There are 2 protein chains.
Amino acid sequence: MKIYLAGPDVFLPDAIDIGRRKADICARHHLVGLYPMDNAIDVAAKEASLQIFRGNEAMMNEADAVIANLTPFRGPSADAGTVYELGYMAGRGKLCLGYSNDPSPYVDRVREFTKVTSDEGGLKDALGLTVEDFGLADNLMIIHALDLHGCALVMPRQRPVDTWRDLAAFEICVRLAAARLGVSQPASG
Amino acid sequence: MKIYLAGPDVFLPDAIDIGRRKADICARHHLVGLYPMDNAIDVAAKEASLQIFRGNEAMMNEADAVIANLTPFRGPSADAGTVYELGYMAGRGKLCLGYSNDPSPYVDRVREFTKVTSDEGGLKDALGLTVEDFGLADNLMIIHALDLHGCALVMPRQRPVDTWRDLAAFEICVRLAAARLGVSQPASG
């Protein structure tokens, strides 16, 4: 069974190494990890971004499940490309899993980003737009997509020292995926 | 034909009015706009967020197309919930359209959010993570999803005075959707 490895990991300076580590963890659980950087792209090509899109979409179509790294990225929410991919996989009826290495509630992260005030209509940001206040880790569409199309968001109790490289929460997702996909596991961990 | 009206418009203080205006524009083009706030939700309910998710997903399943408001929201990218919905609709094989009332390139918006430097590997943010530099308006997955599953992102030449309420770009999407869905239009605009 194949797992699409979505996440802003591809933007890390050691993106290829992280992809290898994730694929190794999948392999230990008898799963095949498909990592976007495995697509051969001619980055000098005029249409490089379109090539990347097509490569990622083909990988998603091939995969049985997605494990999305939903750690907040350049703002209070997860990376937009990763969220798009989670939606795409849910739309295709694939098994959806995700983790975030930042266990803080969405509202707390919005507070770091903009002034949040409260009135009878609830929490508002500096522009007067409502701040979702359901005690969830991110936008409700993301959180409940995982609840209803796979497994609940996996988060560590505390933010790990290296938010972008700690793979403990990722490995829990891999175990959950293997169990849900009915893949037999090694006798001992 | 039915259009799912995705966007952070639901967070505006006048969210219901914006939804009515959008639905009216759809009706003028012989289309039915489905707006998330049309779902009856008991907001006091313990599981309100789950109710909202289920209502939105049912609306998306019912719709033939999506028009997503991809105007940047609390960061350099579009609203996470909207992006999830765009992905879901693409995954379901529905026609995908979107607009943004901010015509600036993604890279310029990242610069407002974090220090961006350049090295031989391209642009990097303050954490050393790559900044996508394809001259696109947002993450390539969003932009090319529109190109390949519908129509190219619609943007005004200049940011309108009221970014959150100007519906000119939205109306262009409605016209495009009507044409692509083969809905006959009134003889005069």
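Me: What domains is chain A divided into?
Reply: This is a predicted model, in which local features need pLDDT of at least 70, side-chain atom pairs count only at pLDDT 80 or more, and totals for chains, interfaces and linings use all residues. Chain A is divided into domain 1 (2-102 + 138-180) and domain 2 (104-136), with bounds that come from an automatic or database domain assignment. Residues are numbered from 1 along each chain as its sequence is written, and chains are lettered from A and ligands numbered from 1 in the order in which they are written.

Me: How many residues does each domain of chain A give to the contact?
Reply: Domain 1 of chain A gives 8 residues and domain 2 of chain A gives 8 residues, where two residues are in contact if their C-beta atoms, placed from the backbone, lie within 7 Å. The centres of the two domains of chain A, taken over C-alpha atoms, are separated by 27 Å.

Me: Switching to β3(A), are its residues buried or exposed?
Reply: Strand β3 of chain A (residues 65-69) is mostly covered, with 5 of its 5 residues buried; buried is defined as 20 or more other C-beta atoms within 10 Å of a residue's own, exposed as 12 or fewer, and partly exposed as in between, with C-beta atoms placed from the backbone. Strands here are DSSP runs of E with at least two residues, and helices are runs of H or I with at least four, numbered from the N terminus.

Me: And which way do they point?
Reply: A:A65, A:I67 and A:N69 point one way from β3(A), whereas A:V66 and A:A68 point the other way.

Me: Which strands pair with β3(A)?
Reply: Strand β1 (residues 2-6) of chain A runs parallel to β3(A) and is joined to it by 4 bridges, and strand β4 (residues 95-99) of chain A pairs with β3(A) in the parallel sense over 5 bridges; strands pair if DSSP finds at least two bridges between them. A:Y4 has A:V66 as its bridge partner in β3(A), while A:A65 stands opposite A:L95 in β4(A).

Me: OK, what about the contact between the chains?
Reply: The contact takes 42 residues from chain A and 42 residues from chain B. On the side of chain B that touches chain A, the largest share, 11 residues, comes from α3(B).
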